[in-house]
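Here's a quick tour for anyone meeting this protein for the first time. Take a look at the sequence and the structure, then read on.

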Amino acid sequence: MSGATAPWLHDAWYAVATTDELGPAPLARTVLGQRLVLWRSAAGTPAALLDRCPHRFAPLSMGRVAGDAIACLYHGIQFDTEGRCRHIPGQAGIPAGAQVRSFPVCERYGLVFAWLGDAARAAATPLVDIPQYGAPGWGLSRGYDRFAANWQLITDNLIDPAHTSFVHQRTIGNDAGDEVPVQARELPDGTLQCGRWIRGAPPVPVVRRFTGLDGPTDRWQLYHLKPPSTSWVDFGAYASGPEPGPAAQDAAPYRVLSYAFITPEDEGHSHYFSFQLRNVAVGDAAVTAEFEALYRLTFDEDRQLLEAIQREEAAHPDLQPLRIASDVGLVRLRRAQQRLLQAGPGAAPAQASAAGSSLSTSPIAVG
């Protein structure tokens, strides 16, 4: 299935903005092919409405926040966070059709999420649980990018540890992992896990930079993706010696949990919200800035490649990719995504808990 023509799963939480983006002015953002207006009321409540006034169809994002409502620029008609009309200048009565579609929203992890599907299902579908977020001993860096690539091309990449050895040699990869097989499994909640341990290898650049390790190291890369598009990567390293396992990971001098929330904009563009939790230089603002630059570089390496692939798929929609052994994760992912897409509304699974599954070190069965 070509990523250029793939539909979207609406019954899921999608990151639509960072917390800091919602201020005193409305924000326009296209999500799953729909233009939304995002705003924060005077009470601090985030809101997401269809970006269209029902009067003359002017974009509400061109208007202004007026207390706990948003006012259309054209004639000043005001709508609350639920999309209900609260005031029409010059008249007392409010017509029955004075309503704008609203979308459930929640705010967590420094991000605002919206649900564009069946609103009745939103409350029963939790966000991914990230116990390390805000916990002592974990530093935080974050970023945002917009890819000129279909969302499935990006999720393919986020369940593919093998590309790290080739695409990211300047940052988180090196040649040592070239011939180490990628293994995959599906967790009980539907999360896909792909990964490998690389033992007795030279440290990759980022590990050498932050730990000073220069001899043989053992490192792990465990990639997780919860359909449709929530990703986290557990990556770390330590001096070779201890047997792989949770204790060795917890004691490692370098460990990063990298989260990505991929939100389709349209068929050829995607929003990429991300943050990294690290166990090195936790309170150091300069290191936070360095991590943000490091991951911006890493994601830019991915972006350039995926945008080139998007151009090829758009120009040749009948292309069928050759599959190789390291594609075991993305093949499973595409099948899972397709099952959800074919099932239609109401098919979205609950988001996974990152606790435990992201720390798995037991052999990963290929099947």
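## Charges over rings

A charge sits over a ring if NZ of Lys or CZ of Arg is within 6 Å of the ring centre and within 35 degrees of the ring normal. In this predicted model, arginine 29 gives one such case: its charged end sits over the ring of tyrosine 144, 5.4 Å from the ring's centre.

Arginine 278 does something along those lines with phenylalanine 291, lying over the face of that residue at 5.2 Å from the ring centre.

A search of the whole structure turns up 19 aromatic pairs. Phenylalanine 291 and tyrosine 295 make a stacked one, with 6.1 Å from centre to centre and 20° between the planes.

Are these two buried or exposed? Phenylalanine 291 counts as buried because its relative accessibility is 0%. Tyrosine 295 is buried too, at a relative accessible area of 5%. Ring pairs also tie both of them into a cluster with Phe147, Phe210, Phe235, Tyr254, Tyr272 and Phe299.

## The nonpolar cores

The largest nonpolar core has 72 residues, and the members that touch the most others are Leu60, Phe79 and Tyr254. Helix H6, spanning residues 285-315, gives the most to this core, with 6 residues. There's also a second, separate core of 17 residues, with Leu111, Phe113, Phe261 and Phe273 among them.

So what does tyrosine 254 touch, leaving out residues up to four places away in sequence? Its partners include Val206, Val207, Trp220, Asn279 and Val280, along with Phe291 and Tyr295.

Tyrosine 259 has its place in strand S16, which covers residues 254-266. Tyrosine 259 is buried, since its relative accessible area is 0%. Arginine 142 is 117 residues away from tyrosine 259 along the chain, yet their C-alpha atoms are separated by 9.2 Å.

The protein's average pLDDT is 85, and 85% of the residues score at least 70. Two stretches call for care. Residues 1-6 stay under 50, and the model gives them 21 contacts beyond four places in sequence. Residues 348-367 are below 50 as well, with 68 contacts beyond near neighbours in sequence.

Notes:
Residues are numbered from 1 along each chain as its sequence is written. This is a predicted model: local features need pLDDT of at least 70, side-chain atom pairs count only at pLDDT 80 or more; totals for chains, interfaces and linings use all residues. Side-chain values use heavy atoms; hydrogens and water are left out. A nonpolar core is a set of buried Ala, Val, Leu, Ile, Met, Phe, Trp, Tyr and Cys residues joined through side-chain atoms within 4.5 Å. Buried means under 20% relative accessible area, exposed over 50%, partly exposed in between (1.4 Å probe, protein chains only). Helices (H or I, at least four residues) and strands (E, at least two) are DSSP runs, numbered from the N terminus. Contact means heavy atoms within 4.5 Å. Rings of Phe, Tyr and Trp (its six-membered ring) pair if their centres lie within 6.5 Å; planes under 30 degrees apart count as stacked, over 60 as edge-to-face and the rest as tilted. pLDDT is the predictor's confidence in each residue, from 0 to 100.
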